[in-house]
Amino acid sequence: MQAGGDQGRDFESYRTFLAGSTIGTSTFATRASQGVLVGACSLQKSIIEKIKGDLATIFGAGTRPNHVVYFCEADIPVAKRHEILALCQQQYGATLEIFDGQAIADMLADRDTFWIAEQFLSVPADKWPEETTDERYRSLRDRWIVQGDRPQNFSDFLDIKEGLRAATFEDGAKPDLTSWLRQMGEFLADGLSDRLVQKARYEISVAELRGRGSLDPARDIMTNYFANLSVESAASELRDAAVLSVYAWGALGHQQTSIPTKTIESWSDRIRTILETALENAKRIVDRCVLLEAKAVLSPVSFVQQLDAPEFANRFFAAWGALVQQIKQTPYYPVEQVARVLEQATPIIGADPRFRALADDVDLLVAERTGAGAAADLARRRAVAHLKAERYIAAINELQRAKIGWFSGESMEGSILSMLVISESLSELNLQFAARYYAAGALFLILNHEGEDLKRKLGPAYFRLAETYHATGEGISYLYSLSEALDAHHAVARDPHDWTKHPHVQASFAQATILRSIARHLDPALVPLIDQAISNWPLPESEKKAFISLSERPPWSEMSREEVESKVAEELGVHPFSDVGPRAATWSALGIVWTVTATPSPEHWLAVCEIAAILQLAQVEFADTDLVVIPSNATIEVEISAVQRPKVQQLPDNGRLAWRVIMPAEYAHDQVDDQSFELAAIAITILGQATALPFSRFKELTEERFARGMSARFFSVRPIRELLAFAQPAGIPWTALSNTARQPIQAYLAPIEARELSWPVLPGPGYSRERAEEFLRNRYEVSQRSIEVTLPSLLADPRCRELIQELRVEGFLDWQILGIISSIVTQFQVEAASRGMDVRLLEAAMKDRIYRAEQASDPKFELGEFTRDRVFFQKKIVAVAALRAWGLEVHRQTPDFDGVKKLLDLRYGHSTDDLPHDDPFGLSKTNDGH
């Protein structure tokens, strides 16, 4: 006993703040107190009086506790326990908790704490009640723990390693961890091979950290492990060392060790140095693979500073990419570990453009070495990670792999599920026509496959298909589609009439209710068409009437027309009854509002949906790169004719992108492959004319996508038009819908653009401030030299001077104004000096003139030619000229000057970048400093 006594306190009192900490919701912390806690314990048999005496001592001196915890060996009857608990509360105003012999025994029998009883109380491990473990583990446990055999050779090591790893990572085997560690420790004895000892050190270190949550018990073992590494160590041992180094680094970050940082850093430095030398000397190609894998494992470890996301990604792709390239040259090298690493990295760096290329390579290797099904499963798991992060484009890419990998009789369910999730993901991107195509493909397979279990997917597939009609604003068609969906639901669903068990059914009919309510506000003339569709629903008349009644109740019935229109604009973005009157497929993607139109007839509408679907699929395929799209509106007019192949023609229009597409009325049955390719060509042609990238670069991007399987993604089960016709709801009154005038909505309707398909506003490819300044210096120098004779005359003329001043007021920068003047002056002079010259020679003469200094011998510029019309035209041209300066191109017959300027302004600093310079015009400055 220490001087002054322990005041009856057998372990030091302390205050805990865990309950209010960041781990306050954990099982332990929720039991934690906010006050001072004192513990006491006793082995006496006459325990009641002992507790009372200790309580008097505890509260007689020192900090007064709020809680007392008492441990005793003797068991205490329930009545006596309640008596002494009440005494502590009444006499001392504190709570008392007693753990008697029985309670302590129960706690030590818990699988998380049994190792304490085994290690400190010498309780045999086989006394632990056996949990469900597989037969193999029970066999190993019986030999090595229950019977206690002594290990002797490498075969025994493998047995014990298997048992130790099970106890480390599986809850059911955790109580055996101490026993397995003891057995593995037998391999640290003298006389065994260095390789076997190293293996044992590795296994013990991992088990201590991952099994018990602390690296400290293995500190000496790890020190010896790293000390015994050398360039002569086997490649697999060096890979283990890399893993162990990462574990140690992670233990620092998670506060699972008190080993000094410098010690762990020295281990990491040692293995890095050895790896570099070993790689230089590696003679076997398989060793090189193992060593590169070790380097890849180590790639995220940094003791100097925490890696930011870009640096982490750079290290990851450099290291794992090098490994994958080596594996390609190493037959039979297992690639599954790399695939698992990719899966784990998906949530972190799955959005990086380099991820897709690396995943392509890995999946190809997995498919070659373990089968397409295995690669499909890897893709599915990565897709799940992307979906959780709401990265739908990346998820679609992975699901496309899974769809193809599982497309066989034995695994068709996986392929169908992939198609349904692809459809859902396309809907999340507001690409509803592509989503309809994939939903129709899944439905076609379910209906035509012999597997009875697949029939349970019929209802969800029909409802998935129906949702695409609602999202495109085809409200009447949607109501007809619900009839078929409900038929399928009643046929295959469990408890089909209990809609609470089928949320997708509830949601669909809630939307139908809202549609009827909207029609009553916006266009009551549509209500009879809606009620006609409802009359076809396979429901009792009483339920149909109840549905109609529900649509006439609050909250929608109490809204004003303006409120309803506002809701429609915000949540749908299109007219909810766009299938009434003239039809158009409209959506927004990549900075363009796309509209596909045709004559209103069932045949023409299928052709419209076909073009819309293929365009949307193409937009997904190119969405992982920056196409540098010129923002605009695009209109595609579709015609059907007795042609054999589709034809696409760009139409001249400065205000929008416009095309005419002529589609075959019918496709030949033997041209399925050609048909798919020709549709893809239309989509790629249209995208190629929307981008500002040079044609050569867009061609490279297109070839890359075909190489990674774009053709297979454009085709799903059957040709697009065929599947869309198959999926079209029966009974739609086409004539009535076409001949009914649709009431317009006053609210502004803008198709909702998904975040992943939005037009980027980050700096464009090739842009940098340094390049911009170089460009501006050249512009100022060239433009001023080219008009140095004429400019003084223009500025001396009041009318010309006023036009220049107007440009400044409009916000044009001085380098832009100089460019406008230079273009007008030099064009006049070249034409005056070269009348009758061939056009090609004229273009060369213009280029030569604009890049040289103006001379007195050049034709004198007539000031009357400096007109408002010429200035207006050159204001448009200046943006196109700047576009070319950045290596970009306009692929349209008639440029959209406003779209080009928007691209340049927002992504290339066209209207903001400038250099300090003397005023070339001597005019008064505007408020913005021009």
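Trainee: How do the residues lining the largest pocket divide into nonpolar, polar and charged?
Mentor: They divide into 20 nonpolar, eight polar and 12 charged residues, where Ala, Val, Leu, Ile, Met, Phe, Trp, Tyr, Cys and Pro count as nonpolar, Asp, Glu, Lys and Arg as charged, and the others, Gly among them, as polar. Before we go on, keep in mind that this is a predicted model, in which local features need pLDDT of at least 70 and side-chain atom pairs count only at pLDDT 80 or more, while totals for chains, interfaces and linings use all residues. Residues are numbered from 1 along each chain as its sequence is written, and side-chain values use heavy atoms, with hydrogens and water left out.

Trainee: OK, and what volume does the largest pocket have?
Mentor: Its volume is about 1,400 Å³, a volume being the space filled by probe spheres set on grid points that are joined across faces, edges and corners. On a 1 Å grid over the protein atoms alone, a pocket is an open set of points with protein on both sides within 12 Å along at least five of seven lines, whereas a cavity is a set where a 1.4 Å probe fits but cannot get out, and lining residues have an atom within 4 Å of a point.

Trainee: Which residues lie nearest the centre of that pocket?
Mentor: Of the 40 residues that line the largest pocket, Val 243, Val 246, Val 297, Gln 337 and Gln 344 lie nearest its centre. Two or more lining residues come from each of α6 (154-169), α8 (194-212), α10, α12 (285-298), α13 (309-328) and α14 (336-349), and α10 gives the most, with 11 residues. Helices here are DSSP runs of H or I with at least four residues, strands are runs of E with at least two, and both are numbered from the N terminus.

Trainee: What does Glu 237 touch?
Mentor: Not counting residues up to four places away in sequence, Glu 237 touches Arg 195, Gln 198, Tyr 225, Asn 228 and Leu 229, where contact means heavy atoms within 4.5 Å. The side chains of Glu 237 and Gln 198 are also joined by a polar contact of 2.9 Å, that is, a pair of N or O atoms within 3.5 Å; within protein, one must be able to donate a hydrogen and the other to accept it, and residues adjacent in sequence count only if both atoms are side-chain atoms.

Trainee: Where else does α32 supply lining residues?
Mentor: Together with α35 (814-833), α36 (839-850) and α37 (868-885), α32 supplies at least two residues each to the second largest pocket, whose volume is about 1,000 Å³. This pocket is lined by 31 residues, with Arg 779, Ile 850, Tyr 851, Ala 881 and Arg 884 nearest its centre, and α37 gives the most, eight residues.

Trainee: Switching to helices, how far apart are the end C-alpha atoms of α21?
Mentor: They are 26 Å apart, which agrees with the 26 Å that the 18 residues of α21 (residues 475-492) should span at 1.5 Å a residue, since the expected span is 1.5 Å times one less than the number of residues. Helix α21 is mostly covered, with 14 of its 18 residues buried.

Trainee: What covers the buried residues of α22?
Mentor: The cover includes α20 (458-471), α21, α23 (527-534), α24 (541-550) and α25 (561-571), and the buried residues of α22 include Val 505, Phe 509 and Arg 516.

Trainee: Last one, how many helices and strands does the protein have?
Mentor: The protein has 38 helices and nine strands, and 49% of its 930 residues count as buried.

Conventions
Buried < 20%, exposed > 50% of the residue type's maximum accessible area, 1.4 Å probe, protein only.
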